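Here are my notes on this one, point by point. Have the viewer open while you read.

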Amino acid sequence: MVHRVSHLFWEVVPVEEAATGCYRCSHCRSVFHINLRSVCPAYGCPGRLEPLDVRAPGWVQNHYRHLYQHMQTIPFSAQEHTAQWTSSEASKVQERFIQGEINALSCSTTFELGVDVGELQAVLMRNVPPTTANYVQRAGRAGRRTDSAAFALTYAQRRSHDLTHYARPERIVAGKIRPPSVVVSNEKIVRRHMHSVLFAAFFRHAYWEEGRSFRSVGDFFKPDDGITPGPELLREYAARHPTDVLAALQRVVPAPLHAELDIEGWGWLNRLWQGGPRRPSTRYPSWTPPPAR
Ligand SMILES: [Zn+2]
């Protein structure tokens with residue numbers, strides 16, 4: 001047989017009205033309003049309950065008592081905000097957050113960039129960000145206005161990176177931020193620029209001299225009966241070693257790379273025809289020139 005206490009008989013009585021006084025455990029400091037033979041009701045606690053002086057500062061300024069009596073209570077709802085959302089769903093979540101219908105967003109690091117949810121009151125990081133730049137990006141989301149206090153809390157996990165910064169937090173908070181840089185003598189980047197110079201010159205040439213224009217990649221590669229396809233036209237154009245292209249390359253390519261890329265001898269073209277060092281794509285087979293006519 002099972003009995004259940006009917007909730008209709010429950011009654012909530014404020015402690016002050018009950019006028020029974022409060023008790024505090026001498027050991028765990030928990031506060032109770034019922035005292036049975038001074039035994040602390042906390043499980044396994046060896047302490048004894050003692051009458052609590054309601055004027056004592058420890059009681060008047062009790063943190064939880066203060067929260068309970070003075071803090072405005074609001075419902076709390078949290079939502080996930082990750083790159084897994086579709087963009088329309090993500091913007092719905094953002095909108096509801098801005099409206100105050102969602103109080104907390106649980107975010108992946110993609111949130112660092114490009115998400116505007118306005119002012120945040122607090123940022124909690126569940127690990128120490130990799131660099132000062134990441135830290136500033138994340139913590140800086142809170143308290144941009146001067147009329148609210150920003151709160152940024154970083155949780156340091158038990159791992160080397162986190163513990164290192166936990167020991168000396170100023171390094172992550174006020175550390176150096178390396179400005180992003182591009183090495184202009186990077187051969188791979190330079191090659192791409194060279195190719196773009198050639199293509200730009202070729203497109204101008206094809207338009208003015210041959211009356212051809214390529215609106216899309218498909219247009220360029222499309223084999224068309226009677227008309228020379230784009231790649232072949234490009235090859236013919238490059239084989240003439242146009243002087244304006246050479247002059248442009250000598251101007252834009254850093255001098256130390258001139259010999260390595262063989263700009264004067266047009267040796268750099270070989271790699272362009274071969275498709276470069278990247279593995280050939282299976283979806284877009286590389287173009288192979290037709291046999292010379
Ligand atoms: Zn106790």
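1. Let's start at His 165, which sits in helix H6; helices here are DSSP runs of H or I with at least four residues, strands are runs of E with at least two, and both are numbered from the N terminus. His 165 counts as buried because its relative accessibility is 15%, where buried means under 20% relative accessible area, exposed over 50%, and partly exposed in between (1.4 Å probe, protein chains only). Setting aside neighbours within four places in sequence, His 165 touches Val 128, Arg 171 and Ile 172, a contact being heavy atoms within 4.5 Å.

2. Before going further, a word on what you're looking at. This is a predicted model, numbered from 1 along each chain as its sequence is written. Local features need pLDDT of at least 70, side-chain atom pairs count only at pLDDT 80 or more, totals for chains, interfaces and linings use all residues, and side-chain values use heavy atoms, with hydrogens and water left out.

3. How far to trust it? The mean pLDDT of the chain is 82, with 86% of its residues at 70 or more; pLDDT is the predictor's confidence in each residue, from 0 to 100. Helix H6, residues 160-167, is where confidence is highest, at 93, while helix H1, residues 15-18, is where confidence is lowest, at a mean of 62. Where pLDDT is low, the predicted coordinates should not be read in detail.

4. Now the overall picture. The chain has 13 helices and seven strands. Of its 293 residues, 26% are buried. Among contacts with a separation of 6 or more, 50% are between residues 24 or more positions apart. The chain exposes about 22500 Å², and carbon and sulfur atoms supply 55% of that; accessible areas come from the Shrake-Rupley method with a 1.4 Å probe, and for residues only the protein chains shown count as cover.

5. On to charges. How many salt bridges does a search of the whole structure find? The search finds eight, taking a salt bridge as a side-chain nitrogen of Lys or Arg within 4 Å of a carboxyl oxygen of Asp or Glu. One of them pairs Arg 159 with Asp 162, at 3.6 Å from N to O. The two partners are worth checking one at a time: Asp 162 is buried because its relative accessible area is 0%, and Arg 159 is partly exposed, at 38%.

6. Another pair to click on is Arg 271 with Glu 187, whose closest N and O atoms are 3.9 Å apart. Arg 271 belongs to helix H13 (residues 269-274) and Glu 187 to helix H8, so this bridge ties together parts that are 84 residues apart in sequence. Arg 271 is partly exposed at 27% relative accessibility, and Glu 187 is partly exposed too, at 24%.

7. Lys 222 is partly exposed, with a relative accessible area of 42%; Asp 219 is partly exposed at 27%.

8. Two loop residues deserve a look. Asn 186, in the loop between helix H7 (170-173) and helix H8 (187-210), is partly exposed at 30% relative accessibility. Asn 103 lies in the loop between helix H4 (87-99) and strand E5 (104-107) and is partly exposed at 27%. Asn 103 and Ser 77 are 26 residues apart in sequence, yet 5.5 Å apart C-alpha to C-alpha. Beyond its neighbours within four places, Asn 103 contacts Ile 74, Pro 75, Phe 76, Ser 77 and Phe 97.

9. Last, cysteines. The structure holds zero disulfides, a disulfide being a pair of cysteine sulfur atoms within 2.5 Å. Is Cys 25 buried or exposed? Cys 25 is buried, at 0% relative accessibility, whereas Cys 107 is partly exposed, at 35%.
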